[in-house]
Amino acid sequence: MAGRRTTRRTARRIRTALCATLPSALLPLLAGCQDPAGAAQDAPPGIQRMLDRRAAAVRDRDAGAFLASVDPHASAYRDQQRAVFANLAQVPLGAWSYELVKTDAFGLPAVVGAEGRRVAAEVRLRYRLTGYDNAPVTSVQYLTLTDRGGRWLISSDSDGAGSGRRSARQLWDQGPVQVVKGRHSLVLGVRRGAAALRELADRTDEAVPAVAKAWPGKWAGRVVVEAPRSLDGMAELLNADDPSGYRGIAAVTTGEAGPAPAAPADRVVVNPEAYGELSAAGRQTVLTHEATHVATRTATTAATPLWLSEGFADWAAYRGGGRPATAVAPELAHAVAKGAPPSRLPADGDFRFSRGARELARAYEGGWLACRMIADHWGEKRLGAFYRAAGRGGTESAGRAMRDQLNLSPAEFTRQWQAYVVRQLG
């Protein structure tokens, strides 16, 4: 059925998650861009020391010391934290630390009473996976802290949710984490089974060399994949309120966009439902696409148009596969057959997950064909140079890159792309 085919195609279509567009649990939130020094200095003494001891307990794998940071009167939270600590057992942690950003961060007033003095705290967790992360992943937590006889202890990490201050969740908050290592991959999963995680590792291992051939820039050549048990689990990792927005999305790459001396960590988060519907070829396409986003992330900035970042990832995923353009871009082929080819390059808004399946597919197909045209007419090296140039500077950098790298104005490029779409799909 046509509808099912569209759903499957859309499941292969994802976009890279930039800090400005996806409130991922793996991204530093806006508070992370502020200077916390003053707020942290005003915090009650002893909180940072408690957080330091808690972090050392995680690094030392000391469950008793870890639970010593948890309020014994908060029995449900204590049981949850005991489970979370156990869930981390297989995770190869190279670093783990907490930084107190500020107190009274989400509307919980200081209280003095029978339960002891309480404050709300915004805390930044940083962790790094051994052998895979060049720099830490950053995650924001909103904690309720209670003073018990001069000792600050954590009583909750969910009190701020009602005021929009929801602690970011990690995979180990969802259950015991299983770990499978590949040649170029590390796969972390919860209740997915060893065979499913090995399949993800094998396909990611195949994707990484393919991306290395397509992308001329330097990158680590390693990919971390997170495989939650369900769509709801995926949405939780992405700090999303509505899981249905990701129902047809097979995977999402999260990470910090833009150049950095030490590349921030990326994660490929897989939706088991949409991924499970794909053929073997479709799964390989998804993971190659995602690995491309990991490779190109330091060259991708807010100035990079989504037609280029998504089109390049699709170009790398389909490169050398020998599939005809009409098979890769069926929605645009249908439009061309009806005499209604696209009138413009896809805008960033065309890539919203909330768009209809056909509209979203046409956006990805249009971006893919634009990158394919550059590779066909100017060569693959020039495509890579164009990608890097388009990410430099402000909103006009893509237009400048067209002039500098392709010797075309944006209007001329668009006209050539329109003609190319018709030739390839007509």
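This tour goes through a helix pair, a pocket, a salt bridge and a cavity in a predicted model.

Residues are numbered from 1 along each chain as its sequence is written, and side-chain values use heavy atoms, without hydrogens or water. Because the model is predicted, local features need pLDDT of at least 70 and side-chain atom pairs count only at pLDDT 80 or more, while totals for chains, interfaces and linings use all residues.

**Stop 1: the helix pair**

Select residues 306-318, helix α10, and residues 357-378, helix α13. Helices (H or I, at least four residues) and strands (E, at least two) are DSSP runs, numbered from the N terminus. The axes of α10 and α13 are 7 Å apart, and the packing angle is about 70°. Axes are lines fitted to C-alpha atoms, for helices over the stretch in contact, and angles run from 0 to 180 degrees between N-to-C directions. α10 is therefore roughly perpendicular to α13 (65 to 115 degrees).

Now show the side chains at the contact (heavy atoms within 4.5 Å). On α10, pick Trp307, Leu308, Glu310, Gly311, Phe312, Asp314, Trp315 and Tyr318. On α13, pick Tyr364, Gly367, Trp368, Ala370, Cys371, Arg372 and Ala375. The contact has 10 nonpolar, two polar and three charged residues. Ala, Val, Leu, Ile, Met, Phe, Trp, Tyr, Cys and Pro count as nonpolar, Asp, Glu, Lys and Arg as charged, and the others, Gly among them, as polar.

**Stop 2: the largest pocket**

Select Gln284, Ala317, Tyr318, Arg319 and Gly321, which are the closest to the pocket centre of its 14 lining residues. The space in the largest pocket is about 310 Å³. On a 1 Å grid over the protein atoms alone, a pocket is an open set of points with protein on both sides within 12 Å along at least five of seven lines; a cavity is a set where a 1.4 Å probe fits but cannot get out; lining residues have an atom within 4 Å of a point. Grid points are joined across faces, edges and corners, and a volume is the space filled by probe spheres set on the points.

Helix α9 (280-296) supplies the largest share of this lining, four residues.

**Stop 3: a salt bridge**

Select Arg267 and Asp133, whose side chains form a salt bridge at 2.8 Å, N to O (a side-chain nitrogen of Lys or Arg within 4 Å of a carboxyl oxygen of Asp or Glu). Arg267 is in strand β10 and Asp133 in the loop between β3 and β4, so the pair ties together parts 134 residues apart in sequence.

**Stop 4: the largest cavity**

Finish at Arg54, Gln81, Val84, Gln141 and Asp173, the closest to the cavity centre of 18 lining residues. This cavity holds about 170 Å³. Helix α5 gives the most to the lining, three residues.

Definitions and conventions: Angles under 35 degrees count as roughly parallel, over 145 as roughly antiparallel, 65 to 115 as roughly perpendicular and the rest as oblique.
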